[in-house]
Amino acid sequence: MPADPVPVDSRVAHEVLEGVAERLPPGWKIMPIGGLGMMDVVPSPGQLTRDVDLVPLVLVDKEFRVPPARDVLALANALSNVVGMRKDETRVEAIVAVESGPVKVELIRGRNVQSGGYFVTRRVLEVAAGLSNPEGVVLRPPPEAMAFLKAWAAVDQDKLVEAQKDPNDFHRARAAAFRQDVSRVLVVLLGLGRRGHTAALKVMLDSCPENRAKRIRDVLREAGWDLP
């Protein structure tokens, strides 16, 4: 059995990102989200993440699309001998060896909007990719997209609390942490003299169902974001 994954700082996370980028099939791109995405948008000394979340993408008719599950699984197998895919195919996990120890990498596919559930939809990830800044094969999502994804995650945790699936207040605490991330992104933008690109937020909000968009708007507004 492999050792438990190590906590990941910015240096190790970017080392993993570079390693994944080198193994991408021709024409593929990779978009960092999650902890690594936050490290890029809100740099903080000593910041750690539990895993490296990456969204694989390909261009289809000039629009980004998440590849089929079998192709993402093949990429994971090229990265590691320790691989697993969720039954719903929303993500593929791989334990990648680096000098500091094993690192958990999640290749995020998202869920089909018709499938229900809490996880971020594939369409939202594809829209975020379209707003991203390309750096070679790496797509850097704008701060607005990162704030949106954190707000989505906060709503997911709220829904678990509302469904009484949180006996130990784990999801309540996670919701609070995601809300803090939403606020931290805005603080960085304000420090740069920006309020946030409302057009980008509108595109993101338009990419998800109306009831979800309303709840995400509430989270963003509570954090001080100006919305279209």
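A crossing of two helices is left-handed if the near helix is turned anticlockwise from the far one by less than a right angle, and right-handed if clockwise. In this predicted model, local features need pLDDT of at least 70 and side-chain atom pairs count only at pLDDT 80 or more, while totals for chains, interfaces and linings use all residues. Residues are numbered from 1 along each chain as its sequence is written, and side-chain values use heavy atoms, with hydrogens and water left out.

**Helix packing**

- Helix α5 (residues 143–162) and helix α7 (residues 198–206) have axes that come within 9 Å and cross at roughly 40 degrees; helices are DSSP runs of H or I of at least four residues, numbered from the N terminus.
- The two helices are therefore oblique to each other, a class left after roughly parallel (under 35 degrees), roughly antiparallel (over 145) and roughly perpendicular (65 to 115).
- The crossing of α5 past α7 is right-handed.

**Contact residues**

- On the α5 side, Glu144, Ala145 and Phe148 meet Ala200, Leu201, Met204 and Leu205 of α7, where contact means heavy atoms within 4.5 Å.
- By class, this contact has six nonpolar residues, one charged residue and no polar residues.

**Aromatic pair**

- The count is one aromatic pair, for which ring centres must lie within 6.5 Å.
- Phe148 and Trp152 form this pair, at 6.5 Å centre to centre with 45 degrees between the planes, and are classed as tilted, the class between stacked (under 30 degrees) and edge-to-face (over 60).
- Both residues lie in α5, four residues apart, about one turn of the helix.
- Phe148 is buried at 0% relative accessible area, and Trp152 is buried at 2%, where buried means under 20% with a 1.4 Å probe and protein chains only.

How values were computed
Axes fitted to C-alpha atoms, helices over the stretch in contact; angles between N-to-C directions. Nonpolar A, V, L, I, M, F, W, Y, C, P; charged D, E, K, R; others polar. Phe/Tyr/Trp six-rings, centres within 6.5 Å; stacked < 30°, edge-to-face > 60°. Buried < 20%, exposed > 50% of the residue type's maximum accessible area, 1.4 Å probe, protein only.
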